[in-house]
Amino acid sequence: MAQAKSLVDLDKAHLIHPLTHPRHFETHHPPRIIVEGKGVMIRDLDGREIVDGFSGLWCVAVGHNHPKIIEAVTKQMNTLSYFTSFHGVSTPPSIELAAKLAGMFDPSYNLTRAWFTCGGSESNETNIKMARLHWALQGKTDKHKILSRRYSYHGMGLATTAATGIFPFHINMDPLPEGFVKVAAPYCYQCEFDLEYPACGLACVKDIEEVIEEEGPETIAAFLAEPVIGSGGVIPPPAEYFPRLREICDRNEILLILDEVITGFGRTGTMFGHEHWGGIRPDMLSLAKGLSSGHIPLGACVVRADIYEGIGTSQDERLPLMHGFTYMNHPVGCAAGLANIQIIEEEGLVEKAAQNGDYLQERLQSLTRYDSVGDVRGMGMLAAVELVADKETKMPIEPENTAPEMLVDLCWEKGVFIRSSTMETVCIAPALIADRETIDRIVDTLDESVQEMEQKLLK
Ligand SMILES: Cc1ncc(COP(=O)(O)O)c(C=O)c1O
């Protein structure tokens, strides 16, 4: 107990927690210290067994502490713990993982070039720079703007913060880099045009066309989009959305960068999110999270081969590709990635996520009987519940963000970990290995917690 107390004190005294208000953290609840994980379960410092209903942070696809990843990482650490990949040097796991990814997409997409980062932000930062480089080397230096959607989340670097469409992330961060332009999101529940799908004719897609027209297609390098918006409140698009977006990008010579940091590796019930809509060809892909199931930091950028090769043809021979992080193509991270993908394939986790994901979505729908549950949405093992004060006006329960945070706390007290987002939602994303019993436990706990939350906030 003495040890437990000192960890709490040391955390409060020294550790900075992301997305946590410093003063709120002091007074709200003691740090929730997680000491062990196995499969879908985690254990806290007090010895409580908790169901991880959020895969850590949408990442632990194969479950916590998977023995095969631990084995692969340990073996690689004992063989070669680190080496650079700058200046044409490499290591076997990074080569093998790049080759593995190259075979995971429709061959006609030509997505056969990859490099590895430490996470999603680095992957998006890298792809944004590659898109600019691609056009600049063709003499189109004006073609530098990045389009993205309101409610999107792309990371914490300066470019990725600018690309992110959740505006609280922009507060007090000025000046953000220029050239990041926002368009409407396919957020049907709170449509910014006050229209109803399908009668709207996809006004959000028309908005994209209008913004491209206003900005000038000759100034736009890329459109950056998550197949299903994640942190912005889990927002799946209507079926025609991405086919139309792909066509608009083609017509205007705009690269489509798909941010599959959450949706990659089975989360939505297909290996990659873009496979849902008749195979939308991405020009570049940003991956992370489910790539290593969070066991070790790992992200990836997968790029159309001709984009990469075009740099080789056009760039002055004396100037190398002027981008790279110390830990790019990390051998231990890549060994984890290889083992993780093998597990996903061998254990049939994509199919499992599709089947159990349908069950999760169906069970969550029952929550719409509550006055405060305005919308339940998602795909596969990725879901959100949006809370409202009134289903007619869809206004939030006051004070803002209190209801989702309270739900997270109530679930935690009952032994289930989920997450709130700033968009008045709680998000649910269990590991792909979660069975129906685990899903029942998560949904039943959430159900009880909604009742309690309503009693506290609405009555
Ligand atoms: C869609 C998306 N892109 C990028 C990121 C940033 O990834 P990271 O936190 O690994 O830098 C995230 C993280 O949640 C994400 O959800």
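This report looks at a nonpolar surface patch, a loop residue beside it in the discussion, and the cysteines.

The model is predicted, so local features need pLDDT of at least 70 and side-chain atom pairs count only at pLDDT 80 or more, while totals for chains, interfaces and linings use all residues. Residues are numbered from 1 along each chain as its sequence is written, and side-chain values use heavy atoms, leaving out hydrogens and water.

Leu-80, Tyr-82, Phe-83 and Tyr-327 make a nonpolar patch of about 360 Å². Patch members have over 30% relative accessible area and no salt bridge, with nonpolar side chains joined within 5 Å; a salt bridge is a Lys or Arg side-chain nitrogen within 4 Å of an Asp or Glu carboxyl oxygen. Phe-83 sits in the loop between helix H4 (67-79) and helix H5 (92-102).

Thr-326 lies in the loop between helix H10 (305-314) and helix H11 (331-346). Beyond its neighbours within four places in sequence, Thr-326 contacts Tyr-82 and Phe-86 (heavy atoms within 4.5 Å).

| Residue | Relative accessible area | Class |
|---|---|---|
| Phe-83 | 41% | partly exposed |
| Thr-326 | 48% | partly exposed |
| Cys-118 | 29% | partly exposed |
| Cys-301 | 0% | buried |

How many disulfides does the whole structure hold? The search finds zero, a disulfide being a pair of cysteine sulfur atoms within 2.5 Å. The sulfur of Cys-118 has its closest cysteine sulfur in Cys-334, 9.8 Å away and so too far for a bond. For Cys-301, the closest is in Cys-118, at 11 Å, also too far.

Key
Patches are made of residues with over 30% relative accessible area and no salt bridge: like charges are joined within 9 Å, nonpolar side chains (Val, Leu, Ile, Met, Phe, Trp, Tyr) within 5 Å. Accessible areas come from the Shrake-Rupley method with a 1.4 Å probe; for residues, only the protein chains shown count as cover. Helices (H or I, at least four residues) and strands (E, at least two) are DSSP runs, numbered from the N terminus. Buried means under 20% relative accessible area, exposed over 50%, partly exposed in between (1.4 Å probe, protein chains only).
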